[in-house]
Amino acid sequence: MEIRDRYAPSPTGLQHVGGVRTALFNYLFARSGGGKFILRLEDTDRLRSEDVFVQNLYDTFAWLGFAWDEGPDVGGPCAPYIQSQRFEVYKKYAHELVGRGRGYYCFCSAERIDKIRQEREAAHSSESGYDRHCRHVPPEEASRRASAGEPCTVRLKIPLGEKPGDEPSTKFYDLLLGDIEWKNKDINPDPVLLKSDGFPTYHLANVVDDHLMEITHIMRAQEWLPSVPLHVILYDSFGWVPPAFCHLPMVMGQDGKKLSKRHGATSIDEFRRQGYLPDALINYIALLGASYEEGKDIYTLDELVQRFSTEKLNTAPAVFDYKKLEWYNGQYIRMKSDTELSGLTLNIAVGAGLFGAPGQRPDSAQQALYTAAMPLVKERAVFLTEIPEKLRYLFADPAMPAKEEFFPKKADLGVTVELLSKARAVIRSLAEACSDDEAEALIKAFAEKEGLKLGDLMMPLRVAVTGARVSPPLFGSLRLLGAEKSLARVDRVLEGLK
């Protein structure tokens with residue numbers, strides 16, 4: 001049997017961590033077994049579904065770098081893969097269910113149902129949901145009324161006990177959670193499958209599509225577990241064999257509550273804007289609820305495919321740790337070549353006006369300098385977005401800091417000017433040194449000869465050249481700026497301090 005699983009989002013919002021984790025696990029499971037991964041858009045919520053969210057879905061997965069084998073944009077043997085284009089299919093199966101005696105037409109108005117709810121609330125009744133009033137309408141009468149055009153819905157008959165005291169239940173097996181049994185009395189009483197306007201509900205469309213698209217495995221978050229008993233009853237009502245179920249652990253914030261915007265970024269767009277790499281996100285999200293190999297943290301997508309199985313899944317909720325994700329992002333930044341990292345951050349730099357006015361592209365000399373500067377920031381960078389700003393001092397003279405920023409510890413203005421004046425003598429040698437080791441040896445020898453502390457000598461020099469006490473490595477900065485520009489910056493600062 002070929003594995004066929006699916007990601008079936010509702011296009012009612014931006015793609016977020018939880019949804020992408022579900023899609024990724026389905027992708028990995030299908031690929032690991034040589035099967036097919038399918039995308040289906042469940043857009044029956046016409047009030048909230050928007051084209052912009054559909055485009056966001058396509059853009060998100062194009063950026064992440066993994067895709068489906070069948071779907072609305074690529075086609076496939078089970079097209080269409082958009083539920084709003086399949087309404088006639090759902091109507092057919094809803095009426096078939098009535099014909100099988102497992103569903104029925106309901107003529108109750110919204111006003112009647114609301115009245116029942118109010119009466120129950122006034123009586124403090126524990127009953128909830130529909131009172132099954134139309135379940136007892138003779139089938140011939142119901143069929144005649146429906147055929148005559150009387151507004152009606154189609155409801156599912158939840159199996160009830162044959163005699164008082166019977167408590168039938170629905171059983172199913174979950175690949176992760178094991179055997180599960182649900183009492184039928186705890187299932188929504190005879191839920192609507194087809195609305196009076198012909199729109200299907202989630203339950204009907206979901207089950208019909210999974211059957212017709214030959215889905216073999218349903219892998220989704222545990223929040224969907226309560227819908228399974230109803231779906232199992234639907235499969236049985238049609239005479240179909242349900243797919244295998246696997247309900248993934250929830251993704252929680254560190255406060256133990258379901259991950260949401262109050263914990264920070266959750267939409268993939270936000271992570272992208274903040275400067276995360278898709279490889280880092282995929283690597284980290286793949287670990288939310290799964291364990292692959294002890295002692296190994298970094299995985300390519302192909303390595304995840306090779307290692308993935310339902311046996312690697314955890315039952316406990318996964319905790320989303322932003323600091324851990326930042327660590328992953330830093331690791332992936334360091335794995336990029338200078339050219340790759342320059343390319344990944346170039347548009348950010350252009351937008352920030354690093355090469356002139358915002359939007360101005362670099363000339364060939366600026367482009368070469370920008371790429372050559374990547375080693376200065378690569379080792380400590382956490383986000384792509386921070387890289388251009390850290391290198392701004394290479395493309396324009398930094399603003400003159402407050403004079404106290406130049407002072408080494410326990411030094412005053414006079415001492416600082418003297419230190420910077422002496423450091424000026426060694427700048428050309430440092431800028432022309434072939435390596436950091438050579439530059440370090442030169443300045444250490446100079447400090448020893450002048451009887452100065454190395455830190456006291458380097459502090460005002462660093463601030464003069466980069467504009468900040470904390471900056472990318474000084475020796476590399478001097479080499480990239482060159483002796484003349486570096487000397488000019490020191491002279492400018494000396495003049496300002498004096």
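Is R132 buried or exposed in this structure? R132 is buried, with a relative accessible area of 17%, where buried means under 20% relative accessible area, exposed over 50%, and partly exposed in between (1.4 Å probe, protein chains only). This is a predicted model, in which local features need pLDDT of at least 70 and side-chain atom pairs count only at pLDDT 80 or more, while totals for chains, interfaces and linings use all residues. Residues are numbered from 1 along each chain as its sequence is written, and side-chain values use heavy atoms, with hydrogens and water left out.

- The largest pocket holds about 840 Å³ of space; a pocket here is an open set of points on a 1 Å grid over the protein atoms alone where a 1.4 Å probe fits, with protein on both sides within 12 Å along at least five of seven lines, and lining residues have an atom within 4 Å of a point.
- Its lining is made of 32 residues, and those closest to the centre of the largest pocket are H16, G18, G19, E223 and W224; the volume is the space filled by probe spheres set on the points, which are joined across faces, edges and corners.
- At least two lining residues of the largest pocket come from each of strand 1 (4–7), helix 1 (17–32), helix 6 (202–212) and strand 8 (217–221), where helices (H or I, at least four residues) and strands (E, at least two) are DSSP runs numbered from the N terminus.
- Helix 1 gives the most to this lining, with five residues.
- By class, the lining of the largest pocket has 13 nonpolar, 12 polar and seven charged residues, with Ala, Val, Leu, Ile, Met, Phe, Trp, Tyr, Cys and Pro counted as nonpolar, Asp, Glu, Lys and Arg as charged, and the others, Gly among them, as polar.
- The second largest pocket holds about 500 Å³ of space, and of the 23 residues that line it, K390, V470, S471, P472 and P473 lie nearest its centre.
- Helix 14 (374–378), helix 15 (386–390), helix 19 (454–466) and helix 20 (474–481) are the elements that give two or more residues to the lining of the second largest pocket, and that lining divides into 13 nonpolar, two polar and eight charged residues.

- Three strands form an open sheet in the order 3-4-7, with antiparallel pairing; two strands pair if DSSP finds at least two bridges between them.
- Strand 3 (103–106) and strand 7 (192–194) stand at the edges with a single partner strand each, so one side of each is left without a neighbour in the sheet.
- From one strand to the next the twist averages 45°, with axes taken as lines fitted to C-alpha atoms and angles running from 0 to 180 degrees between N-to-C directions.
- Strand 3 pairs with strand 4 (residues 153–156) in the antiparallel sense over four bridges, and Y105 has V154 in strand 4 as its bridge partner.
- Along strand 3, G103 and Y105 point one way while Y104 and C106 point the other way, and all are buried.

**Backbone features in loops**

- R132, in the loop between helix 4 (110–122) and helix 5 (139–147), has a phi near 60°, a positive value in a residue other than glycine.
- E214 also has a positive phi, of about 55°, although it is not a glycine; E214 is found in the loop between helix 6 and strand 8 and is exposed, with a relative accessible area of 53%.
- The peptide bond from A79 to P80 is cis, with omega near 0°, and P80 has its place in the loop between helix 2 (51–64) and helix 3 (87–99).

**Buried loop residues and their contacts**

- T310, in the loop between helix 10 (301–307) and strand 11 (318–319), is buried, with a relative accessible area of 16%.
- Leaving aside neighbours within four places in sequence, T310 is in contact (heavy atoms within 4.5 Å) with F29, L175, M219 and C246.
- S49 lies in the loop between strand 2 (36–39) and helix 2 and is buried, with a relative accessible area of 15%.
- Leaving aside its neighbours within four places in sequence, S49 is in contact with P11, T12 and D43.
- The C-alpha atoms of S49 and L160 are separated by 36 Å, and these residues are 111 residues apart along the chain.
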